[in-house]
Amino acid sequence: MKILTLVRQVPDAEARIKIQGQTVDLDGTTVVIDGMDEYGVEEALRLREGGAQVEEIIALAIGPKRNEDALRTALAMGVDRAIHIETDARYDAVSLSAMVAQVAQQEGAGLILVGGQEADWDSQALGAATAERLGWPQLTWTNELKVEGDTLSGRHDVDDGNESFRASLPAVVTTQQGLNEPRYPTLPNIMKAKKKELRKDDPASYPSQSAVRLVGAEIQTRARRNHMIDGKDPQAAAAELLNLLRNEAKVLA
Amino acid sequence: MILIVAEHSGGSLAKSTLEMVTAARASGREGPVTLLVLGQGIGAVAKEAAAVADQVLVADLPALATYNAELWAAAAAQIAQEGEANTVIIGGSRSGREFAPRVAVKLGAPYLEDAISLSSEGAALRAQRYTYLARVTETVEAEGPVVVVSVKPGSFQAAAPAAQAGEEYDVELELPAPRVEITGRSVEKSSRVALTEADVIVTGGRGVGSPENFAAYVEGFADAIGAGVGATRAVVDAGWRPYAEQVGQTGKTVQPGAYIALGVSGAVQHLSGMGKSKNIIAINKDAEAPIFKVADYGIVGDLNQIVPALIEAAKK
C-alpha cells in the first residue's frame, strides 16, 4: 500500500494575521506545518513501524512556495518522497480535491491522510471531497487507526460522541488531536531528508479551477466591554458580576 | 427549490434546522423552501418540519436509521437533481460538514462551507465565513445551476412556524451500500443542555486545578444558573472531562449569549471556538491571561473563593 499524506504550511496559531487589500497577507508571518496534517504524517509512519504493509509514504503539498517547508518537515519526520504542485492560485477545497485525487491515482495510493480542519481556511472539506472524487469511503476526525491487510479500523468522533469503525482500503482518513504525538525531526534525519526527492509538478498538468471567488476579507473584532472587577473581596465581586450579567448584559434571569 | 437537509435527533428537529430555514429565506434564492428529512421512524420530525417549511420530503427507511456520510450525500444529491434545486443547504455540524463536500462533488457544484451569512449578488450566492482560526471574516461567492452551502450553527435566528403548514411527500431513494461498518458507538450524553444549543456556557480550563474542582466549580456554577458545561483542550487531554465538552479548534464551536470561562488562559485555538460569543466573562488569577483581552467582564482573583461565592449568590 502507498500512503499519500497531505501537508500545508499555515500561520502559526499565535502569529499576527494582517489584511492587505482584500486578502490575508502572510508576508513576514511565522508559518508552520499545519498541526492537523502533522498528525497524518506521524500516523503514516506509525502504521509502517507497526507492521502494516506500507510500500511508500508520499507527502503532497499544493500551493505557494512556502509549502516546501512543510514538505521538508514531513521528509525529515520520515516520509519517503514529496511532491509539490507549486501555485499561487487560490483554490477552494472542492476544486483542490480534484488535484489531490489525480495525484492519488497517478501514484496508486491506497490511503490518504489529511488534517481534519485546515488552520488557514478553517475548512473540513478536503478529505470528504477527495474521497467522493475517488469513489472511496472516508473516516473523518479519526483519533485511533489500525490497518491489517486491506482492512482499516479505528475510532472517530461524530456529532454526539464517537464511533468505532471498520472499512476496506482504499480510503481517506482525516486526522486530529489524540491520534498520536507527532515526532520532532532529529538532526540526522533532517540531513538525510535533504537527499530525498522533492518533485515539483507543473500546476498545468492538473486542470482544476476554483469555483469559489474571494470577494474580500477583514479582521473584525467585536468591541468588548473589558469591564474588570476587583477580585480581592470575593463576595462583592461575585455580587457585582451577577448584577452585571442580569441587568447590563441581560444574559441571566 | 431550496433544499435543506434537516438535522434532527431523539425524535425532534434540531434548532440548527430552524436556523437553516431562516438562512434559506435570507439567501435570496428562488423557489419553495424544502426540508428533506432522512431517517427511520421520523413521522414526528416531519410534522415539525412541515410547520416551518413550504414543503417536506420524507425518506423513512431502515437503511437511514443512523447517519452515514455516503448515504446522506447520495440522498441529498439525488433529491437535489430530481427537484432541480438551485441551492442545497446542509448543517454546519460535524456530520454536515462531512457529507456536504460529497454532495457538491456529486452535483459538480461549488461549495460554500460554514456560512455565517447568505445573500444573492446577481446570479451569485454570497456567503461570509470565518477563516484563520476564526480571526478573519472572508466573503466568498459562487454561482452555478446549483450551489451547496453549509451553515454555521448559531449564525441565524431560528425560524418560527409559518401560518400554514407545508405539504409532506414521501420520496424514493436509490442508496448505495454503506462501505463503512460501525462496530461500536459511544454517545456522550449529558443531562445538561447541549453545548451547541446552550445560551449560557460555563467552561473550565487547567486553572480550575483538578477534576474535583471542575465538578465543584464549573458544574456547580453551571447547574446554579442552568448553563451548559464546556472544557478546554488541556482539561480534556488531562482526562478530566470527556471530549464532547471540548470547545475550540479541535472541539466544538459555540456562540452563546454568555460564555463564562473559569481558569481559562485563552489560547488562540480555544478562542477560535468561542470568540464569537455575545458576552465573554473570564475569571482567572493571572491578570495577563489573553482571555481578558476578549472579555466583556473579568475578575482577576482566586477561583476557590470567587466561584463558591458566585454559586451561593446565584442560588439566592
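Let's start with chain B, which is divided into domain 1 (2–170) and domain 2 (195–315), with bounds that come from an automatic or database domain assignment. This is a predicted model, in which local features need pLDDT of at least 70, side-chain atom pairs count only at pLDDT 80 or more, and totals for chains, interfaces and linings use all residues. Residues are numbered from 1 along each chain as its sequence is written, chains are lettered from A and ligands numbered from 1 in the order in which they are written, and side-chain values use heavy atoms, leaving out hydrogens and water.

Taken over C-alpha atoms, the centres of domain 1 and domain 2 of chain B are 31 Å apart. Their contact (heavy atoms within 4.5 Å) takes 12 residues from domain 1 of chain B and 10 residues from domain 2 of chain B.

Now look across to chain A. Helices here are DSSP runs of H or I with at least four residues, numbered from the N terminus; axes are lines fitted to C-alpha atoms over the stretch in contact, with angles from 0 to 180 degrees between N-to-C directions.

Which residues of α6(A) and α8(B) meet? P234(A), Q235(A), A238(A), L241(A), L242(A) and R246(A) face Q305(B), I306(B), A309(B), L310(B), A313(B) and A314(B).

Terms used:
Helix = DSSP H or I, 4+ residues; strand = E, 2+ residues; numbered from the N terminus.
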